[in-house]
Amino acid sequence: MQEWIVAMLVISILLIFRDMAKTILARRTRTEAGLLAGEEHPQKERIIQYAQSFRKLADTFYGMPYRRDYLSSGQVNRILAQTREQVCERCFQNSLCWGERSSEMARGGEALIRTLEEGEEERVQEIRGSWMSVCGHSGQFWQELCVLFREERQNLVWDNRMIENRLAVAQQLTETSRILERAAENLYDLTPAGADFQKELSRRLGRRHVILKNAWMMERTEGRRQVFLSLRARSGQCVAVTEVARILSDICGMDMAPVQGGRSIVNGDFHMLHFVEDVSYQLLYGVARLTREQEKVSGDNYICRQEENGKFFLCLSDGMGSGMEAFRESETVVELLEQFMESGFTPETAAKMVNSALVLGGREGMFSTVDICAVDLYTGICNFLKAGASSTFIKRDHWVEAISSESPAAGLVQQAEFDMASRKLYHGDYLIMMTDGVLDALPEDREEETMKEIILDIRDDTPKEISRGILERVLGYSDYRAKDDMTVVAAGLWKK
């Protein structure tokens, strides 16, 4: 089952890359063909068809039976029939019990089974006493019925597990379909830059000994411009990409910046450089960590990274327990989240995919908290997503707000519901995330209030010192002993 899911996802990725390659190779063909404005590209239609195929397959899985918490009528009848065959066939009262009184016996037997399901011991004994008054072999009947009941309950558990796996597959297919649809939306929005734009850019770059081969533009739905330039420097020259960005900014009339992780120098070979509209805010973060006493490895893991779409992600995960096992669990979560969000998934989609992966893993007790803060560096809006995570705090001047969660950790149930919230952040605001080992060290029933007091009491303004100061003050409440892994991530937002 798991291998099949991986194969489907790999196929999806290969299809995306294949069509992206076709787009790059067929740029001139598309231009020469003179597609009318608004006319759909044939390869875009193909990708949409792939997406529809995955969605239909997902609908097929969704249309199958859902999990059940109780035995079906068929299972109850099967238990009674097998018990009757094993016990009652040799009884001289069989023809009486299951002849004239068959309806009464069937109702009584079903009541026994349903009472066993409910698990109320007093009620079980009451029903069993009533059965003893009408059955001469009630003890043997009861033992056989209990054996068969346990077998059917185990079958139900396995059926539900298979149903959860099926729903996980359906969810993966649905998300894959959405990815393909988004890819189809974006792949063919890349258009050659206008002749006047290219002429002016080529002239000004030429003064800096840079040769422009081609230029393309893409306008995102948010109205943010992206520019792709094929450049090389004249022989023997090296020009900083930041200098190209400055020239591009002057022509575009807005601040443009090279994407993170790209080239920093234009040399003598042609390379494709990607520039995006520069963000309005910058975010700096700092982390303070402490491992539980007598443990060598922390069970907490985190990632902090900025994507080319102007989103800055802070993700924190606390593996259940402590030590190496908890570390591996939380490491799996943050690595998957990083890969999904790097691929353009939304935090909610990434969290759903991670949850499905943990459920499909089938390891008992394999679950971890998920805590995500996604900050839009263009607008300052921060989206929070939590699954079993500790509270996150926002500090603004002399005011602190707590963002709390009551949802279960990832990997516990397939149909997970995440706690989500959104807040507008301003220049000088701080985000403070932490694992539950930090809040649990504070006075019971006053954890959040005490943490707010600690945050307001800290006078440092660098994220690293803030996270360190919080951890030092929290340790004072636990006799400077770490009874659990502790991690504090602090991030500050400033206008550029």
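Predicted model: local features only at pLDDT ≥ 70, side-chain atom pairs only at ≥ 80, totals over all residues.
Two strands count as paired here if DSSP finds at least two bridges between them, and the strands themselves are DSSP runs of E of at least two residues, just as helices are runs of H or I of at least four, both numbered from the N terminus. With that in hand, let me start at strand β8, residues 281-290, which pairs with β17 in the antiparallel sense over 10 bridges; within that pairing, Leu290 has Met486 of β17 as its bridge partner.

Residues are numbered from 1 along each chain as its sequence is written, and side-chain values use heavy atoms, with hydrogens and water left out.

What does a search for aromatic pairs find over the whole structure? It finds 2 of them, where rings of Phe, Tyr and Trp (its six-membered ring) pair if their centres lie within 6.5 Å, with planes under 30 degrees apart counted as stacked, over 60 as edge-to-face and the rest as tilted. The rings of Tyr430 and Trp494 have centres 5.8 Å apart and planes at 90°, so this pair is edge-to-face. Tyr430 belongs to strand β16 and Trp494 to strand β17, 64 residues apart, and the pair thus links distant parts of the chain; both residues are buried.

Let me turn to the hairpin. β13 and β14 run antiparallel and are joined by 5 bridges, with Phe393 opposite Ala402 of β14. There are 2 residues between the two strands, and Asp397 in the turn has a positive phi of about 55°. Of the 5 residues in β14, 4 are buried.

Helix α14, residues 447-457, has Thr450, Met451, Ile454 and Ile455 as its buried residues. Seen down the helix axis, these fall within an arc of 140°, so they line one face of α14, the arc being that of the directions from the helix axis to the C-beta atoms. They pack against β13, β14, β16, α13 and α15, where contact means heavy atoms within 4.5 Å.

Is Ser390 buried or exposed? Its relative accessibility is 10%, so it counts as buried, and, leaving aside residues up to four places away in sequence, it touches Asp371, Met434, Thr435, Asp436 and Leu439.

Finally, β12 takes us to an open sheet of 5 strands in the order β9-β10-β11-β12-β15, with antiparallel pairing. Its edge strands are β9 and β15, each of which pairs on one side only, and the twist averages 10° from one strand to the next. Helix α11, residues 323-342, packs on this sheet, touching β9, β10 and β11, and its direction makes about 15° with that of β9; axes are lines fitted to C-alpha atoms, for helices over the stretch in contact, and angles run from 0 to 180 degrees between N-to-C directions.

Notes:
Buried < 20%, exposed > 50% of the residue type's maximum accessible area, 1.4 Å probe, protein only.
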